[in-house]
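Hi,

Here is the structure I promised to pass on. Have a look at it first, and then read my notes below.

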Amino acid sequence: EYAEFLHCKSKKFTDFDEVRQEIEAETDRVTGTNKGISPVPINLRVYSPHVLNLTLIDLPGITKVPVGDQPQDIEFQIRDMILQFISRESSLILAVTPANMDLANSDALKMAKEVDPQGLRTIGVITKLDLMDEGTDARDVLENKLLPLRRGAAWPGSPVSPSAPSRLEKRDFPGGTAHSRLEKRDFPGSRLSFPRPLQQLTNHIRESLPSLRSKLQSQLLSLEKEVEEYKNFRPDDPARKTKALLQMVQQFGVDFEKRIEGSGDQVDTLELSGGARINRIFHERFPFELVKMEFDEKDLRREISYAIKNIHGVRQTGLFTPDLAFEAIVKKQVVKLKEPCLKCVDLVIQELINTVRQCTSKLGSYPRLREETERIVTTHIREREGKTKDQVSPSPSPAPPEQESPQNLIFSPFP
C-alpha cells in the first residue's frame, strides 16, 4: 500500500501519517497559515488491494464570515468552487447535513437542489444523530419523506462514540434497534459505507452510458467529416485562403464586440479593460471632471441680472425672464462643459484603439494582416472621433426671434 501526490509524483508515501502531514503542509504552502483558501485541489491517489476504485472529492463547507486571511467574498468563492464540481452530470453528490440542524437551512441540500432539482444524483447524508435533542428523531428524513431523494438518505457507518448506537436505538427507534430495522426493511435510509456510494456510482454510470455513447458518436462523425475535408487539402487553394482570411476577420469582430460588451470567455483579473474601462470613464471620470469645475455664484447672479436688464432695454423689468436672456446664460455655462466632454471622448477613443490592438494579437502569425486590420479599424475610429467632437462642441447661436411668444417665457427663480 502506498500513496502519491500530484504535486510530488516522484515520491511514494508508505506511511499514511506522512500523508496527513503532507496534506497539511501543502495546504499551508498554497493558502498560507492563517485560514486562507484556494480553488486548486490537492490530488492524492492511494494504491491498495483493500480500497475501492472510487474518486472522492472532499469539498469545503460554506463559510459565512471571513476569518484570518480569508477574503470578504469567501462565501461566493467557495460556492463557485463547489458548483464547478457538483454541476458535472457524471458525479454523485453526498449532501452532508447534521441531524440537529433544520434541513430547510442546509447549504449542502440547497446547492445540490440547484444543480440536481429532481434529486437524481444526490444522496443525503445525516450526521450527528447522537446530538439530537430529547424527543426528536430523524425518522422522516431517513424514510425519505421530508426531502425526497431518488437515492435516499443515509447516516455515517462509524458512530461518533461507542455508546452512540445504544442511545440512538433506545431514543430514536423505540421497539427495535435502528440498525436492524433499517437493514431488514426495504428502506431508503441505511447505514452509509463506501461500497454503497460505489454501487450508486456504478448504477449512475450505467444509466449515463447511452447518452455518453450518443455524444461520442456525434463527435466522431464530426471529426470524420473534418478529416474527409483535409484529405484533398491544398495549401495554395485560393478558396481556402479566402475562407481562412474571412474567418480571422470575423473572429476579430466577435472578439472586439465581446470585449466591449463584457461577454468574453477570457476575463482579465488584473485591470479594467474594454467596455469596463469605458463605463468607468462615463460614470466616474467624467462626473469627477464636472465636479472639479468652479464658478462664482455672485458673478453668475450678476450676469443673469445684466442679461435680463439688457434684453429689456428702456422698458421696465418684468417678473418673467425673457428666453433670450435665459439662452445667453445657459449657453455660456454649456460652453464650460466642452473641455471635460472632449477629454472624455479622447479617453474613450484611446481605450477603443487599445482594445483593437488586444484583439489583433491573435493575428500575430500574419503580421501584414494584423497591421492592415489595425490601420483600417483605427482610421475608422478616428473618423468617428471627428464627428463625435463636432457633436460635442456647442453649435453657433441661432438668429434671435423677431417677437417673443408668451408661451416661450420661462419663470425665473432669481430676483
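This is a predicted model: local features need pLDDT of at least 70, side-chain atom pairs count only at pLDDT 80 or more; totals for chains, interfaces and linings use all residues.

A word on exposure before anything else: buried means under 20% relative accessible area, exposed means over 50%, and partly exposed is in between, using a 1.4 Å probe and protein chains only. By that scale Asp346 is partly exposed, at 35% relative accessibility.

Residues are numbered from 1 along each chain as its sequence is written, and side-chain values use heavy atoms, with hydrogens and water left out.

The overall picture

The chain has 13 helices and nine strands; these are DSSP runs (H or I with at least four residues for helices, E with at least two for strands), numbered from the N terminus. Of its 415 residues, 27% are buried. Taking contacts as heavy atoms within 4.5 Å, residues 24 or more positions apart supply 68% of those with a separation of 6 or more.

Salt bridges

The rule here is a side-chain nitrogen of Lys or Arg within 4 Å of a carboxyl oxygen of Asp or Glu. That gives 17 salt bridges.

Back to Asp346: its partner is Lys389, with the closest N and O atoms 2.7 Å apart. This pair links distant parts of the chain, as Asp346 sits in helix H12 and Lys389 in helix H13 (residues 367-392), 43 residues apart. Lys389 is partly exposed too, at 24% relative accessibility. Both residues belong to a salt-bridge network that also takes in Arg382 and Glu385.

Arg370 is partly exposed, with a relative accessible area of 29%.

Elsewhere, Lys64 pairs with Asp107, and their closest N and O atoms are 3.7 Å apart. Lys64 lies in the loop between S3 and helix H2 (74-86) while Asp107 is in helix H3 (residues 107-115), so the bridge ties together parts that are 43 residues apart in sequence. Asp107 is partly exposed, with a relative accessible area of 28%.

A bent helix

Helix H9 (residues 275-292) has 18 residues and spans 25 Å from its first C-alpha to its last, close to the expected 26 Å (1.5 Å times one less than its number of residues). Where does H9 bend? At Ile281, by about 40 degrees, taken as the angle between axes fitted to the seven residues ending there and the seven starting there. Ile281 is also one of the buried residues of H9, along with Gly275, Ile278 and Glu289. Their cover includes helix H8 (238-261) and helix H12 (338-359).

On the surface

Ile23, Ile42, Leu44, Val46 and Val51 form a nonpolar patch with about 330 Å² of accessible area together. Patches are built from residues with over 30% relative accessible area and no salt bridge, joining like charges within 9 Å and nonpolar side chains (Val, Leu, Ile, Met, Phe, Trp, Tyr) within 5 Å. Val46 belongs to strand S3 (residues 44-47) and is partly exposed at 34%.

Cheers

Notes
Accessible areas come from the Shrake-Rupley method with a 1.4 Å probe; for residues, only the protein chains shown count as cover.
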